[in-house]
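Okay, thanks for making time, everyone.

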Amino acid sequence: MARRYDSRTTIFSPEGRLYQIEYAMEAISHAGTVLGVLAADGVVLAAEKKVTGKLLDLSASKQGGYGGSGEKIFLLNSNMIGGVAGLTADANSLVNYARSAAQNHLLSYDEDIPVELLVQRLCDMKQGYTQFGGLRPFGVSILYAGYDPHYQFQLYHSDPSGNYSGWKATCIGSNNGTAQSLLKQEYKDTMNVKEAIGLVLRTMSKTMDSTTLGSEKLEFAVLTLDPETKQPKAKIYNAAEIDALLKSEGLAKKDEDTEMKTAS
Amino acid sequence: MECSFALTGKDYVIVAADTTAARSIVKMKIDEDKIKELSPHLLMAYSGEPGDTVNFAEYIERNIRLHHIRHLVPLSPSASAAWIRRALAQSLRSRNPYSVNLLLGGYDTAEDKPKLFWIDYLGTLSEVPFAAHGYGSYFALSLFDRYHNPEGTVEEGLATLKRCIDQVSKRLVVAPGKYKVKIVDKDGVREVEI
């Protein structure tokens with residue numbers, strides 16, 4: 001009997017719930033953590049990579065930069081970065097859709113799409129899959145870091161039901177509860193990007209399952225304004241840059257070899 | 001014959017258009033408003049083939065209104081201009097294109113800047129400090145070249161506009177009699193007598 005209202009997204013349970021959507025959200029809370037913090041002069045995103053290993057060929061994603069550094073952080077438009085948690089295949093399809101929507105806006109209006117508009121476009125799509133028959137919802141939550149002239153820097157979160165909301169700092173994926181309470185304690189309204197980077201990395205290091213942070217487990221991106229052109233500048237860090245950043249923040253993992261040498 | 005002028009100043013745009021509705025050599029009406037208020041900070045003066053003009057202007061007006069209802073952020077003047085240009089360019093390549101020329105003046109509330117765009121029926125769009133359509137443009141543009149001050153006050157802008165209108169009245173055989181003048185700035189749109 002318990003399964004009667006589970007199988008279809010389009011059917012309410014007698015308590016008025018849509019189980020498939022709740023399951024999708026449950027799936028996301030087991031996915032790699034994605035964390036975002038909004039500062040006055042920029043937005044910071046970090047994500048935990050789950051698929052790792054010595055044999056994984058990362059040569060294609062070595063560069064970071066335009067397309068993203070690999071699995072979870074993507075450039076959606078020149079003024080927007082997205083961090084995804086959940087089913088990677090679903091996420092790829094949504095990222096593709098977002099990029100098309102952003103370019104279509106650019107074609108029609110000759111301006112970068114306002115951040116909330118692109119979030120709405122994706123949420124319309126996500127909502128559709130919770131209502132029309134025979135389809136499963138997208139198993140993806142997304143954090144959007146963006147800039148537009150209307151509201152300057154912004155951070156949004158959208159979930160599989162198609163709800164979205166704006167945040168000063170938030171977290172999706174595994175351990176999001178812990179991360180959010182840490183962020184709540186440490187977030188300050190006066191933070192700048194440098195402080196936000198510190199907060200993001202500290203929170204990530206406390207909530208991630210692995211004991212040490214390193215570029216093989218972490219993706220990182222910052223959206224700021226170019227000081228000269230005053231245009232938004234998205235920077236998705238590559239592996240070397242992430243390691244350098246962790247080192248400068250004092251969170252880099254200790255080199256085991258050197259440790260042993262000093263011990264002996 | 002139809003004339004429309006527009007110029008920017010320090011923090012405003014003035015848009016002026018004659019008020020005659022003519023058919024062949026006959027004036028049918030002398031108090032026609034040919035400047036539409038597309039949004040709280042956007043004005044559009046239209047001229048061209050009668051019928052086409054009103055039809056196209058209403059189409060633009062309602063679509064921009066729809067955008068405002070649907071979305072949280074209003075369409076900026078430059079985004080509106082790009083969209084209107086596209087509508088004209090698509091129309092040009094259809095079986096019966098609109099023959100409408102436009103001056104689009106607005107105040108960009110996000111950037112805090114006045115913006116003026118010159119658009120013609122071929123789908124040409126350019127951002128300009130001052131602009132004119134119709135026979136009046138042959139007289140007005142040289143006057144603007146000489147007298148336009150991009151940092152000028154509203155009074156200065158209106159004085160420059162007055163020069164154009166006076167010169168057109170003096171030299172153009174088919175000069176229109178009356179003009180409607182509207183100003184858009186950070187506080188919105190207002191009409192002034194000239």
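Predicted model: local features only at pLDDT ≥ 70, side-chain atom pairs only at ≥ 80, totals over all residues.

Residues are numbered from 1 along each chain as its sequence is written, chains are lettered from A and ligands numbered from 1 in the order written, and side-chain values use heavy atoms, with hydrogens and water left out.

So, helix 1 of chain A, residues 19-28. Helices here are DSSP runs of H or I, at least four residues, and strands are runs of E, at least two, numbered from the N terminus. Which residues of helix 1 are buried? Those are Tyr19(A), Ile21(A), Ala24(A) and Ile28(A); buried is under 20% relative accessible area, exposed over 50%, partly exposed in between, with a 1.4 Å probe and protein chains only. They pack against strand 4 (80-86) and strand 5 (140-148) of chain A.

Next up, helix 2 (88-109) and helix 3 (115-128) of chain A: their axes come within 10 Å and cross at roughly 135 degrees. The axes are lines fitted to C-alpha atoms over the stretch in contact, with angles from 0 to 180 degrees between N-to-C directions. That makes the pair oblique, the label for whatever isn't under 35 degrees (roughly parallel), over 145 (roughly antiparallel) or 65 to 115 (roughly perpendicular).

On the contact itself, meaning heavy atoms within 4.5 Å, helix 2 brings residues including Leu94(A), Tyr97(A) and His105(A), and helix 3 brings, among them, Leu118(A), Arg121(A) and Met125(A). The contact residues split into 9 nonpolar, 1 polar and 2 charged. Nonpolar covers Ala, Val, Leu, Ile, Met, Phe, Trp, Tyr, Cys and Pro; charged is Asp, Glu, Lys and Arg; the others, Gly among them, are polar.

Cysteines, then. How many disulfides over all chains? There are 0, taking a disulfide as two cysteine sulfurs within 2.5 Å. Cys123(A) is buried, at 3% relative accessibility. For Cys164(B), the nearest cysteine sulfur is in Cys3(B), 10 Å off, and Cys164(B) is buried too, at 0%.

Last, the loops. Asp110(A) isn't a glycine, yet has a positive phi near 55 degrees. Asp110(A) sits in the loop between helix 2 and helix 3 of chain A and is exposed at 57%.
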